[in-house]
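Take a look at the structure first.

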Amino acid sequence: MTTMLRALFSATALLTLTGFASAETTITVATVNNGDMIRMQGLMDDFYAKYPDIKVEWVTLEENVLRQNITNDIATGGGQYDVMTIGTYEVPIWGKQGWLVSLNDLPANYDIDDLLPPIRAGLTVDGNLLASPFYGESSFLNYRTDLAEKAGITIPEAPTWDDIKAAAAAMHDPANGVYGICLRGKAGWGENTAFITTMANSYGARWFDENWKPQFDSPEWKATLTDYVELLTKYGPPGASNNGYNENLTLSLQGKCAMRMDATVSASALTDPKQSEFADKVGFALAPDAGKGKRANWLWAWSLAIPSSSQKQDAAKTFINWATNKDYLALVASKEGWAAAPPGTRTSLYANPEYAKLPFAKLTIDSINAADPSNPSAQPVPYVGVQYVAIPEYAGIGTSVGEIFSAALAGQKSVADALTEAQALTTDEMTSAGYIK
């Protein structure tokens, strides 16, 4: 053996012994501060045991802030993040721009065909899966069964809005810290505007007619916003205009919401005795309707995607496969039970007899399957999306409208003035964008 070869082998051995034989890759993952994502961060020992050469840095943000940060980063090609938590709204829009990396080459054990068809369809563009669902959801009603019994009322499994109004009035007991209903009031296209849009769908309202003319001046929108504001001002908690998903979930876990309408993903927390002392006193029902043929339920998936600007795409794909694989569901179940497994993404989860017997499992999958993004309202629409409108301009318009509606809820303007303002703003934006000629 030559002197040069001996030196080379010696150097290689030294590198191996000192742990520098394979370079460590650090990826940055941006995610929302919801409970399932926080749980994932607590399970990273499993990931590091399997992939010791990949380290993860977390950027965990409140929903509105996350959306703003990742949108700015991906639109400018900033490359700050290697994995982004994004939703069903962003995927088709960003995918058309070429901003997202295809996940079609994830390993065979990812089992892409196991994804629920409605969820997979919303994350696929031109045959490419561009985001992997971490959890999927629709929306439903949760309520305290003990309070309903005390008030002498029965909440149907498929309630109407009239049922909801009557139940909220019957169970409202602010003197004892219990409020008839908790609904999203915090401004944001994915916060209050998402909820109000589904409510509007069920009232027969729509964002735009077939010619993209805004419809906030319609009687259906007047009925929607009037009832929304009245429900929360009469029977909601104080400061309802500041409450979003997390705030209302916390109030429900504390037993302060007699009823709450929100994401189906929250069912696991509501039925967890470690999180709620009312876990054995919670009932579930479908989102309500107003006799128009549509319920106020949405369709959404928080998903993991890789921006094209990432320089660490292979490591990012490894992480996404781990976090959204069937094995991850089993990992969560082994630690905290099947109720804690991220819902709404895989057919196999709902075929699992242990999961299927949970009180919210069938309601969740039925609600997901019932949502129709192509026909969200009883009236025809030119757009796709249940709790949003799938056009690039919507994030800005929806947030501005949400601020107007939140101000109406806070008593800073009347319902009539809020709708007039929303109509004018949306008309201006859609005209500027070229939708209205």
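This is a predicted model. In the largest cavity, the lining has nine nonpolar, three polar and four charged residues. That cavity has a volume of about 130 Å³. Rolling a probe the size of a water molecule over the atoms shows where empty space is left.

**The largest cavity**

- The structure holds four cavities of 30 Å³ or more.
- The largest cavity is lined by 16 residues.
- Closest to the centre of this cavity are E63, E137, R184, G190 and W300.
- Three elements each supply at least two residues of the lining: α4, β6 (132–137) and β10 (300–305).

**The second largest cavity**

- About 60 Å³ of space lies in the second largest cavity.
- Its lining includes N142, Y143 and R144.
- Also in the lining are S252, C257, A258, L270, S276, F278, K281 and V282.
- Strand β7 (residues 139–144) gives the most to this lining, with three residues.
- By class, the lining divides into six nonpolar, three polar and two charged residues.

**The largest pocket**

- The largest pocket holds about 400 Å³ of space.
- Its lining is made of 21 residues, and R67, T71, W189, A395 and G396 are the closest to the pocket's centre.
- Helices α4 (63–76), α5 (90–96) and α18 (394–409) each supply at least two lining residues.
- The largest share comes from α4, with seven residues.
- α4 also supplies at least two residues of the lining of the largest cavity.
- The lining of the largest pocket has 10 nonpolar, eight polar and three charged residues.

**The second largest pocket**

- About 310 Å³ of space lies in the second largest pocket.
- Of its 15 lining residues, A121, G122, P373, V384 and Y388 are the closest to the centre.
- Helix α6 (residues 117–122) gives the most to the lining, with three residues.
- Which classes make up this lining? There are nine nonpolar residues, six polar ones and no charged ones.

**Points to keep in mind**

- Charged residues number four in the lining of the largest cavity, and three in that of the largest pocket.
- The second largest cavity has two charged residues in its lining, whereas the second largest pocket has none.

Notes: Residues are numbered from 1 along each chain as its sequence is written. This is a predicted model: local features need pLDDT of at least 70, side-chain atom pairs count only at pLDDT 80 or more; totals for chains, interfaces and linings use all residues. Side-chain values use heavy atoms; hydrogens and water are left out. On a 1 Å grid over the protein atoms alone, a cavity is a set of points where a 1.4 Å probe fits but cannot get out, and a pocket is an open set with protein on both sides within 12 Å along at least five of seven lines; lining residues have an atom within 4 Å of a point. Grid points are joined across faces, edges and corners, and a volume is the space filled by probe spheres set on the points. Helices (H or I, at least four residues) and strands (E, at least two) are DSSP runs, numbered from the N terminus. Ala, Val, Leu, Ile, Met, Phe, Trp, Tyr, Cys and Pro count as nonpolar, Asp, Glu, Lys and Arg as charged, and the others, Gly among them, as polar.
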